[in-house]
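Please look over the model below before reading my points.

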Amino acid sequence: MSKKKGLSFDEKRDRMIELFFEKKDFFQLKDLEKMAPKEKGITAQTVKEVLQSLVNDGLVDSEKIGTSIYFWSFPSKASQSRKRKLQDIRSRLEEIKAKSQDLQSQIVKAKIGKEDCEERTLLLTELKIQKEKKQQLGKELEKYQESDPEILEKLKQEADMAHEAANRWTDNIFSTKSWIKQKFSFEDKQIDQQFGIPSDFDYVQ
C-alpha cells in the first residue's frame, strides 16, 4: 500500500490562510498548533515555520500583547496585499518603459550620419526586444490584476529581469562612448553633444 503524500510547503501556507479566513479571529501559536492539524492537515511541528513565512510576506499580522503574541489575517488583508503588489509592478514597468524609450532615442540620434556597427545594431535589437517585452507585461498585468499572488510574483520577477536588461545595455552605451574616446580622442562633453546624450544619463535605479 502506497504511503500518503504529505502537503507541500505552499499547500500548508494556503491552508493556514484558509483557516484564518474561516475563523476570522485572533490566535496564539499554541491555538494554531492544535487547530491546524485537525482542521487543515498541517502537522503541528511545521505550524510555526508556516506561520512565520506568512508573517514575513505580510499575509498574516502579529502583535505582542503582554507576554503573549497573537496572530490574525482577514480576507481584506490578501486583497490589500495584491493591490500593493499591482501598484509596485505598475510603477516599475513605467520606470523601465521611460528609461528604455530614452535609451532608444539616444541610440537613434547616435546613428544619424554614422556607419552601422555591430555594437549599435545589438543595442537597437535588444532595446526593441525589451520594449516589446514591457508591452507584453503591461497586457498581462491588466489581464491578471485580480489574480493570485503567485502570478503577480512571476510578473514582478519578469519586470526585474527587464530592469536588469535595460541597465546591461546602458552599460553597452557607456562602453561605446569609451571606444569613441579612444578612437577619435573626443572628450565626454563632445560625445554627449554630438549624440544628444543628456548629462544626467545613467543606469536605471
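Here are my points, in numbered order.

1. This is a predicted model, where local features need pLDDT of at least 70, side-chain atom pairs count only at pLDDT 80 or more, and totals for chains, interfaces and linings use all residues. Residues are numbered from 1 along each chain as its sequence is written, and side-chain values use heavy atoms, leaving out hydrogens and water.

2. Start with helix α1 (residues 9–23) and helix α2 (residues 29–40). Their axes come within 11 Å and cross at roughly 105°. Axes are lines fitted to C-alpha atoms, for helices over the stretch in contact, and angles run from 0 to 180 degrees between N-to-C directions. Helices are DSSP runs (H or I, at least four residues), numbered from the N terminus. So α1 is roughly perpendicular to α2 (65 to 115 degrees). The contact (heavy atoms within 4.5 Å) includes M16, L19 and F20 of α1 and L32 and M35 of α2.

3. Next, α2 meets helix α3 (residues 44–56). Their axes come within 9 Å and cross at roughly 120°. Among the contact residues are L29 and A36 of α2 and V47 and L51 of α3.

4. Buried means under 20% relative accessible area (1.4 Å probe, protein chains only). Of its 16 residues, M16, F20, L32, L54 and V60 touch the most other members. Helices α1, α2 and α3 each supply at least two residues.

Conventions
Parallel < 35°, antiparallel > 145°, perpendicular 65-115°, else oblique. Core = buried A, V, L, I, M, F, W, Y, C linked by side-chain atoms within 4.5 Å. Buried < 20%, exposed > 50% of the residue type's maximum accessible area, 1.4 Å probe, protein only.
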